[in-house]
Amino acid sequence: MSDTRTRRVAGATDSQQGDHPSGDNRFDLVDKHLKRARYEQDQLIETLHVAQDVFGYLSEDILIYVARALRLPPSMVYGVATFYHLFTFDPPGDHSCTVCTGTACFVKGADDIVQAVSDTYSVPAGETSEDGSLTLKTARCLGSCGLAPVVVFDGNVLGHQDTESTLELVAGAVGGGG
Amino acid sequence: MAAPIDLHEVMEREREERFRTRWRVKACSSTACLSAGAGATIKAMEDLVERDDMVLEVQVIPTGCMGLCSAGPLIRMMRRGGDEADYRNVTPEAAVEIVRSHVLDEEPVPEYQLDTSMPFFTSQERVVLANGGVINPDRIESYVAHGGYQALEKALTTMKPKAVVEEIRKSGIRGRGGAGYPVASKWSLLAAASGKTKYVVANGDEGDPGAYMDRTIMEDDPHRLIEGIAIAAYATGANQAYIYVRAEYPRAIERLDRAIRVARRNRLLGRKILDTNFDLTVEVRIGAGAFVCGEETALMASIEGRRGTPQLRPPYPTEKGLWGSPTMINNVETLANIAPIISRGGDWFASLGTEKSTGTKVFALAGDITNTGLIEVPMGTTLREIVEDIGGGIPDGKQFKAAQTGGPSGGCIPSKFLDTPVDYDSLRELGSIMGSGGLIVMDEDVQMPDVAKYFMEFSMDESCGKCTPCRVGTVQMHNLLQRLCDGTGSKQDLRDLEHLCSVVRDTSLCGLGQAAPNPVISTLQYFRDEYIALIDQQEVVHA
Ligand SMILES: Cc1cc2nc3c(=O)[nH]c(=O)nc-3n(C[C@H](O)[C@H](O)[C@H](O)COP(=O)(O)O)c2cc1C
Ligand code: FES
């Protein structure tokens with residue numbers, strides 16, 4: 001997912017001279033998708049994906065924007081967005097650490113890795129540390145079960161991880177942790 | 001309108017291309033190998049070919065999954081009209097050494113060579129995964145060169161829709177999405193349904209957290225899925241199809257999108273397919289991380305852009321599905337079997353596997369086992385063959401304890417049943433299910449109550465909240481399991497847990513809740529002593 005994100009965000013800076021009424025040209029990218037989807041209401045989930053890719057998360061403004069564009073009640077857009085686990089409503093941290101907790105990784109001790117990162121950086125799974133430096137996430141199977149346990153750090157998939165190697169990885173980017 | 005693709009001409013051209021160089025290097029570029037560094041390995045070989053001016057000698061071809069994911073990156077050296085040698089753990093440096101050694105000295109490099117006579121390779125039967133490690137997933141020509149789209153051409157130009165359904169009936173194939181419903185029966189229902197608009201949906205939600213068969217099919221052989229969908233639509237009179245893919249699979253989404261575009265350009269989709277009167281549009285729809293969306297009624301709600309909550313059936317989707325129109329949902333692996341059945345005949349397919357479970361099944365073999373990866377075996381292969389021969393047994397001299405199939409809806413099978421043939425009915429008798437194909441092996445160190453708790457946590461998180469037994473029951477069962485695993489549970493807790501198992505199973509609205517107790521029930525059935533030990537420990541402490 002990460003390369004799509006960089007591509008789209010890079011696209012946003014390129015088109016800085018574009019003049020979206022909101023003044024935020026990232027909305028242009030959402031508009032582009034909406035146009036391609038012919039403003040069909042059943043494209044709601046796809047549109048939310050695009051918006052989250054572009055903005056990093058779904059703020060209230062964005063949800064209202066999507067609701068208006070698709071002529072849907074904001075309550076429905078909010079209801080759909082909150083139903084699905086992959087949508088997030090808070091800005092992500094500078095770095096992200098996703099630990100796979102699928103069955104294969106669980107059998108190989110993924111829970112210990114989550115616990116260790118969570119304890120070291122005082123960040124509960126699924127949340128971002130207070131200083132905004134690290135988001136800790138869990139995922140249900142990344143499809144690389146042969147390499148269990150699997151950790152994805154800032155988009156890089158790393159197999160055969162353990163508590164030590166993961167903590168080292170995080171410390172390398174975020175710092176010591178406290 | 002452009003002319004449709006000429007399958008035979010493409011095959012001819014591809015054959016020439018194949019013989020153009022003396023050497024071809026097939027390099028697995030599937031997800032697991034990429035995670036193990038295949039990108040750098042492939043780049044190193046391409047650079048070498050360029051730098052050492054071997055362009056006329058060697059071509060490097062990225063392929064889909066070769067199977068033995070734990071030994072990646074994998075490559076295969078193929079000499080024109082001759083020998084092959086497979087290599088494992090191929091770092092960029094190793095790749096350069098291997099290519100040089102073969103091309104310049106005609107010598108293999110034993111240090112990295114993979115023994116393809118081991119049972120991991122010889123005991124498999126590849127139907128669905130036949131193109132894994134063979135074709136380049138990004139090129140339709142590569143799929144066509146290996147017989148691709150010939151089944152569609154055959155069906156459209158020589159068979160009536162009814163005859164296609166009949167061939168599927170003969171094959172005896174049952175759905176690979178978990179429940180094992182006969183495919184031909186479902187197709188007949190949609191074919192018989194009235195209505196101008198009918199839909200076919202490929203279920204690529206693959207929710208079992210330890211399984212990646214469908215992902216591999218969608219990423220590595222997208223045209224096989226599209227061909228299967230087109231045949232299904234033709235047989236049932238549908239003109240619109242969706243592939244529902246979980247958002248966690250961005251590569252699959254990208255590959256399918258591209259494959260659909262290319263197929264349309266070649267008149268294998270769209271209007272007047274292959275110059276016949278059959279029209280079909282296929283679109284990809286993306287999930288957003290909800291296990292329940294694998295359930296067919298929830299999946300349809302999600303395609304419509306709504307919250308993915310399931311509906312009570314009947315009406316079944318084949319009567320009233322997407323936007324109220326008749327809809328048929330098949331699993332991705334089910335549809336990947338269709339082209340070979342039409343090409344080679346239902347009787348051929350029925351000759352594989354067992355009488356009631358025909359064909360092969362793909363499993364994602366993982367956990368405490370030497371060879372992890374994707375395997376495909378005839379139905380009815382015993383668990384022992386899969387674990388001990390193909391899987392190479394348990395590493396570090398440990399003992400096998402259980403095999404988990406069916407994910408959160410399945411169960412754990414203990415060692416005394418290792419000789420059970422793996423088919424729909426035998427697994428059900430043991431209190432597990434075939435599921436979609438996740439097969440996790442657990443060694444003696446794994447505590448079964450922990451496993452039950454793990455799956456209960458999963459079901460609790462994924463319960464959509466619509467019906468009470470599932471929403472509340474899974475939380476209660478998780479609490480009880482948590483107490484038991486912490487060593488603070490009582491005998492009463494265990495009794496409550498067993499009681500809740502039957503309540504939740506019997507009263508939940510959809511398959512998620514109905515099957516959620518399965519991991520608890522099966523571990524209680526076979527590993528009850530482990531639960532008892534946890535309670536005793538506590539009673540000792542209190543004494
Ligand atoms: C909670 C739940 C999750 C499911 N998840 C999947 C899934 O991820 N993939 C799938 O193909 N079928 C899944 N199914 C089964 C589908 O409802 C449906 O039976 C299947 O896709 C039909 O295809 P088949 O007949 O080819 O097996 C799930 C069922 C339930 C109850
Ligand atoms: S369970 Fe972690 S990658 Fe599949």
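By class, the shell around ligand 1 is made up of three nonpolar, nine polar and six charged residues; here Ala, Val, Leu, Ile, Met, Phe, Trp, Tyr, Cys and Pro count as nonpolar, Asp, Glu, Lys and Arg as charged, and the others, Gly among them, as polar. This is a predicted model, in which local features need pLDDT of at least 70 and side-chain atom pairs count only at pLDDT 80 or more, while totals for chains, interfaces and linings use all residues. Residues are numbered from 1 along each chain as its sequence is written, chains are lettered from A and ligands numbered from 1 in the order in which they are written, and side-chain values use heavy atoms, with hydrogens and water left out.

Altogether 18 residues surround ligand 1, and the closest are B:G177, B:K186, B:N203, B:N331 and B:T334 (a residue counts as near if one of its heavy atoms lies within 4 Å). As for polar contacts (pairs of N or O atoms within 3.5 Å), B:N203 places a polar side-chain atom 2.9 Å from an oxygen atom of ligand 1. On its own, ligand 1 has 610 Å² of accessible area, and the protein covers 88% of that (Shrake-Rupley method, 1.4 Å probe).

Ligand 1 sits in the second largest pocket, in the sense that more than half of its atoms lie within 2 Å of the pocket's grid points. A pocket here is an open set of points on a 1 Å grid over the protein atoms alone, where a 1.4 Å probe fits, with protein on both sides within 12 Å along at least five of seven lines; lining residues have an atom within 4 Å of a point. The pocket holds about 1400 Å³ of space, taken as the space filled by probe spheres set on the points, which are joined across faces, edges and corners. Its lining runs to 47 residues, with B:G177, B:G178, B:A179, B:G294 and B:E295 nearest the centre. By class, that lining splits into 16 nonpolar, 22 polar and nine charged residues.

Strand 8 of chain B gives the largest share of the lining, five residues, and also gives the most to the shell around ligand 1, with three (strands are DSSP runs of E, at least two residues, numbered from the N terminus).

Technical notes. Helix = DSSP H or I, 4+ residues; strand = E, 2+ residues; numbered from the N terminus. Polar contact = N/O pair within 3.5 Å; in protein donor to acceptor, adjacent residues only side chain to side chain.
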